[in-house]
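Trainee: I'd like to walk through a model with you. Let me put it up on the screen.

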Amino acid sequence: MIYPRRRLTLLLSLALVGCAQSPAIDRPQLPLAGQWNQSAAATTGLDTRWWRGFDSPVLERLIDEGLSQGPDMLIAVERVRQAEARLQSAGASLFPTLNLNGGSGRAWSENAAGNSGTSNNTSASLGISYELDLWGRLRAGRDAAEAGLAVSRFDMESARLTLATGIAGAWFQLLTLNQRLAIAEQNLALANTNLAIVQAKYRYGAAALADVQRQRTAVLTQQASLPPLAEQGNQTRTALAILLGRTPQGVSLAEESLQQLAIPVVDAGLPAGLLSRRPDLASAEAGLAAADADVAAAKAALLPGIQLTGAGGLASSALLSLADPSRSLNLAAALSQTLFDGGQRQSQVRLTESRRRELVEGYRKAILSALKEVEDALGNVALHAVQEQNQRQIVAYARETLRLTELRYREGADELLSLIDAQRTLFAAEDQLAVIRQSRLNASLDLFKSLGGGWRLP
């Protein structure tokens with residue numbers, strides 16, 4: 001038979017334990033389609049060294065260097081180490097605390113009558129304290145730290161992917177600017193050649209002075225286009241040096257041709273598989289686990305705390321000696337409960353619960369954004385492939401038009417304006433082709449990034 005007082009105590013304990021438990025959080029349930037709206041013919045598989053698909057030995061060396069020496073990667077590694085230390089610290093709170101104290105001293109005193117005396121004392125004691133984690137507050141703190149460690153590790157994988165794609169994007173931009181600069185220099189050489197022809201015709205009376213001035217203007221226009229491209233190339237090169245962990249001054253990189261790079265297209269898989277292939281989504285879910293633990297800890301803080309302490313020691317009236325000591329032993333248990341704090345702890349519970357709901361919505365938004373990024377990348381892969389094919393035809397026609405116009409101008413059948421227009425058209429077409437080529441490379445890069453770069457949830 002359970003007496004009324006004991007029954008009341010049991011019911012109160014069960015109620016307190018129930019208050020300390022935090023209900024499992026509901027993860028967002030999103031209806032995922034069976035396939036992507038966009039499609040692209042895959043040419044390669046997805047693995048963690050996806051950048052090899054571009055067939056660029058220089059790019060492989062740059063990314064390997066950046067992942068081992070880049071500041072962004074080293075910062076992410078240190079954040080993981082900090083999270084490991086926090087987890088170790090949080091786990092230590094589950095164990096008893098031992099303290100060893102010792103001391104020895106001599107005291108001198110004199111009373112009002114002039115009598116004086118000295119006393120010696122030596123003591124050594126060992127103390128132990130332990131908090132009973134009845135409501136799981138300390139365990140919740142450890143769980144939160146463990147989830148925080150998972151967040152840091154997933155964030156490090158995200159940083160790895162971001163750094164690799166950043167290096168590749170900067171490299172593609174640098175190659176594009178180099179090619180555009182080479183195109184501009186070729187067109188400048190062509191404009192100078194045509195200027196010499198116009199000047200020769202002018203000397204023999206076959207061309208007007210206005211024709212010479214127009215061609216000189218065309219030459220100066222081509223010259224003016226070179227410095228901005230060169231400066232953009234320098235700025236891109238120094239930005240790439242920062243990603244690699246190098247000093248920007250005097251950085252030198254091997255040369256490659258933009259047209260020699262392969263453009264891989266990876267199999268996007270199914271939308272449902274994306275959740276386990278993106279480290280940022282895994283980080284968001286680990287953040288939810290940490291929020292669950294924070295709520296549990298905040299609720300447990302409302303309940304009484306029980307602290308067990310014990311101390312044992314030796315004491316002697318000798319100096320620097322424990323000869324013939326006296327012994328002591330103390331054991332105590334303390335119960336503490338906050339009766340009034342102005343609602344501070346209740347407010348902390350509401351704060352952690354609201355933070356948890358915020359993270360749920362943030363996780364849902366991250367999933368939606370990830371799905372959109374893959375769709376956009378697939379669409380851009382297909383779009384830029386068609387654009388490059390069309391632009392190559394435009395360049396071919398523009399080059400043939402310029403050749404025929406030059407022949408007709410030398411024979412006097414065409415005016416200088418027609419020649420200048422043909423040159424301008426070819427220059428613009430070749431420049432646009434280089435830009436579209438970079439867009440194709442970036443679209444493939446975005447597809448690798450949106451799919452998680454070959455990462456898998458362990």
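Trainee: Let's start with the strands: how many bridges join β2 to β3?

Mentor: Strand β2 (residues 116-132) is joined to β3 by 11 bridges, and the two run antiparallel. One of the facing pairs is L126 with its bridge partner G312 in β3. Strands here are DSSP runs of E with at least two residues, helices are runs of H or I with at least four, and both are numbered from the N terminus. Two strands pair if DSSP finds at least two bridges between them.

Trainee: Before we go on, what kind of model is this?

Mentor: It is a predicted model: local features need pLDDT of at least 70 and side-chain atom pairs count only at pLDDT 80 or more, while totals for chains, interfaces and linings use all residues. Residues are numbered from 1 along each chain as its sequence is written, and side-chain values use heavy atoms, with hydrogens and water left out.

Trainee: Okay, back to the sheet. In what order do the strands come?

Mentor: The 4 strands form an open sheet in the order β1-β2-β3-β4, with antiparallel pairing. The edges are β1 (97-110) and β4 (326-336), each of which pairs on one side only. From one strand to the next the twist averages 20°; axes are lines fitted to C-alpha atoms, and angles run from 0 to 180 degrees between N-to-C directions.

Trainee: And how many bridges do β1 and β2 share?

Mentor: There are 14, again antiparallel, and G102 stands opposite A124 in β2. The hairpin of these two strands has 5 residues between them, and G114 there takes a positive phi near 95°.

Trainee: What about β3 with β4?

Mentor: Strand β3 (residues 305-316) pairs with β4 over 11 bridges, in the antiparallel sense.

Trainee: Switching to the core. How many residues does the largest one have?

Mentor: The largest nonpolar core has 55 residues, and W171 and F172 have the most contacts inside it. The elements that give it two or more residues are α2 (57-69), α3 (71-92), α4 (137-203), α5 (209-244), α6 (279-300), α7 (344-410) and α8 (416-450). The largest share, 12 residues, comes from α4. A separate, second core of 25 residues includes L416, A422, L426 and L433. By nonpolar core I mean a set of buried Ala, Val, Leu, Ile, Met, Phe, Trp, Tyr and Cys residues joined through side-chain atoms within 4.5 Å.

Trainee: What is W171 in contact with?

Mentor: Leaving aside neighbours within four places in sequence, W171 is in contact with S56, V58, L59, L62, L240, L253, A254 and E256. Contact means heavy atoms within 4.5 Å.

Trainee: So is S56 buried or exposed?

Mentor: S56 counts as buried because its relative accessibility is 0%. The cut-offs are under 20% relative accessible area for buried, over 50% for exposed and partly exposed in between (1.4 Å probe, protein chains only). S56 sits in the loop between α1 and α2 and, not counting residues up to four places away in sequence, touches W171, E256 and L261.

Trainee: And D55, buried or exposed?

Mentor: D55 lies in that loop between α1 and α2 too, but at 53% relative accessibility D55 counts as exposed. Its phi is positive, near 55°, in a residue other than glycine. Most residues other than glycine have a negative phi.

Trainee: How do the helices look? Say, how far apart are the end C-alpha atoms of α5?

Mentor: They are 54 Å apart, which agrees with the 52 Å that its 36 residues should span at 1.5 Å a residue. The expected span is 1.5 Å times one less than the number of residues. After α5 comes G245, with a positive phi near 85°.

Trainee: And how many residues of α6 are buried?

Mentor: 17 of its 22, so α6 is largely enclosed by the rest of the structure.

Trainee: Last one: which element has the lowest mean pLDDT?

Mentor: That's helix α1 (residues 4-20) at 42, while α2 has the highest at 95. Over residues 1-23 the pLDDT is below 50, and this stretch has 19 contacts in the model beyond near neighbours in sequence. For the protein the mean is 87, with 94% of residues reaching 70 or more. pLDDT is the predictor's confidence in each residue, from 0 to 100.
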